[in-house]
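Visitor: Could you pick out one residue here and take me through its surroundings slowly? After that, I'd like to see how the rest is put together.

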Amino acid sequence: MPNHNIPPSSTPIDPVRRTLVKGMAIATAAVTTGPVLAAMSGDGAVGDELQTLLQKHYRRMSKEEIDQALARIERQAMRTYGRKIICKDTQPILGVTFAFALNLSKCKGFRHCVTACTQENNCNRGETTTNIRVVAMPQGERSLPKGDPYYHPEKVPEPGHWYLPVQCQQCDNPPCVQACPVGATWREPDGIVTIDYDWCIGCRYCGVACPYWARHFNWHLPLLPKEEITEETHYLGNRPRPIGVMEKCTFCIQRTRKGLLPACQAACPTGARIFGNLLDPTGEIRYILENKSIFRLQEEQGTEPKFWYFTDI
Amino acid sequence: MYRIKFQFALGFTLCLLSLPLIAGESLPSFQLAGQTIPAHCPNCHAWRPPQPQRRPLLAPHDKLLLKHGQEALWCLDCHLVQQLDRLQMRSGSSVPFTEAWQFCSECHARQVRDWRFGSHGKRLGSWQGEKIILPCSACHDAHLPAWKPAPPAPPPPQSRFISHAKP
């Protein structure tokens, strides 16, 4: 026997209840979207996080959008580290391709470049995110895995060792750029391979693709003492990085695009590091390329590095 | 006699002709940075002339470590006898300490050429524009030119998960 007490499905819903449900939905939407919209347009902590999430790729942003992003980065640094920084977006200089040359006869392994780089580029002080590694190699050895980047003898140079500083080689055919699934890393017109830290998804494919171990991952929010933060920063360079993104050497983009020399070159006590414009026919780099016995690291991989090593002899 | 005159005239003409060539291949201009260490010699030798004989250096020179050129050189091989704060060039002229690179180039021509073109020594300031470079004495002690071993900066922090220690 069918139960006649159950009303048929076509029974109309009580109009009072329907109005109530409608009203509640509208009220809920208004209550939630209002603050979200307010937060997005505002410059509070939540608004800045949302702006970071919804921000476009660096190369697709307009001038105004970049200015907004720079202001947002400065606010976030103030909030996280309590230090006022200046974030800029200095554009590449026309007719300049940066290149590095390193004299292996002069490098004694003092490692001042590493310290200066970490300081200049606001690198994490608590993790292995140093952009330069000076590898102590046994005499006669050329294979990178045989070297020791953590050497700490009383005095350098140690007998029977030579020192090979390795950093991003700013390849003209960068394998890291090809490996990135989201296009968060690319080669700038002046030859510097850069990362948009806000576009990086942290998959670390680029770190695997790089044959020079030049890319490092921020496993934690960078540990930065307030008084050690470098104030002059660049969007693609040394601004404090968020957690979960890759970072690398950018030839000190914030310095070199203004005409200064990179921090590692400025710190080197022996003058082993030479930096300049590859396209300047009278420059130091071209003199070295034309007159010295040069080599590039792992050249056989076809990465076309813009980083040459040479010796005095 | 005429032949000699002709040769002289020809040589002079050739010299004049080659001047623009030399000027065209001029070395890059540069500016020296940093201070030059003053010599202490004139403190005493201004009134007491130096002994010209080569000899082992005794007091008050015993603090002076002379290890340049495997100890083959001694004071007056480089310093001008009459004025010890100048350097004696092979040509007979002399240069002050601020122009020491000219004197150094007499033996270390390759290094000084590399220095002028930028592959030896250190450039300061900017990678473009006028070249400001450190003079020889900024890095090399003229009496002990070799670099001395020194303690390195601390190693980078190691990952907690991967041991890079050597077996």
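**A residue in a loop, and what lies beyond**

Guide: Let's start with Arg241(A), which sits in the loop between strand E8 (232-234) and strand E9 (246-247) of chain A. Helices (H or I, at least four residues) and strands (E, at least two) are DSSP runs, numbered from the N terminus. Residues are numbered from 1 along each chain as its sequence is written, while chains are lettered from A and ligands numbered from 1 in the order in which they are written. Keep in mind that this is a predicted model, where local features need pLDDT of at least 70 and side-chain atom pairs count only at pLDDT 80 or more, though totals for chains, interfaces and linings use all residues.

Why does Arg241(A) count as buried? Because 23 other C-beta atoms lie within 10 Å of Arg241(A). The cut-offs, with C-beta atoms placed from the backbone, are 20 or more such neighbours within 10 Å for buried, 12 or fewer for exposed, and partly exposed in between. Setting aside neighbours within four places in sequence, Arg241(A) is in contact (C-beta atoms, placed from the backbone, within 7 Å) with Tyr197(A), Asn218(A), Pro222(A) and Glu247(A). Cys123(A) is 118 residues away from Arg241(A) along the chain, yet their C-alpha atoms are separated by 8.3 Å.

Now for a sheet in chain A. It is open, with four strands in the order E10-E2-E12-E11 and mixed pairing. E10 and strand E11 (294-295) are its edge strands, each pairing on one side only. Two strands pair if DSSP finds at least two bridges between them. Strand E2 (residues 98-103) runs antiparallel to E10(A), joined by five bridges, with Leu102(A) opposite Arg273(A) and Ala99(A) opposite Gly276(A). On another pairing, E2(A) runs parallel to E12(A) through four bridges, and Ala101(A) has Trp308(A) as its bridge partner there.

E2(A) is mostly covered, with six of its six residues buried. Phe98(A), Phe100(A) and Leu102(A) point one way, whereas Ala99(A), Ala101(A) and Asn103(A) point the other way.

Stepping back, chain A has nine helices and 12 strands, and 40% of its 313 residues count as buried. Its C-alpha atoms fill a box of roughly 105 × 50 × 40 Å, taken along the principal axes.

How far can you trust the picture? The predictor gives the complex an ipTM of 0.80 and a pTM of 0.83. Chain B averages a pLDDT (the predictor's confidence in each residue, from 0 to 100) of 79, and 77% of its residues score at least 70. Over residues 10-25 of chain B, pLDDT stays under 50, and the model has zero contacts there beyond four places in sequence. Where pLDDT is low, the predicted coordinates should not be read in detail.

How values were computed: Contact = placed C-beta atoms within 7 Å.
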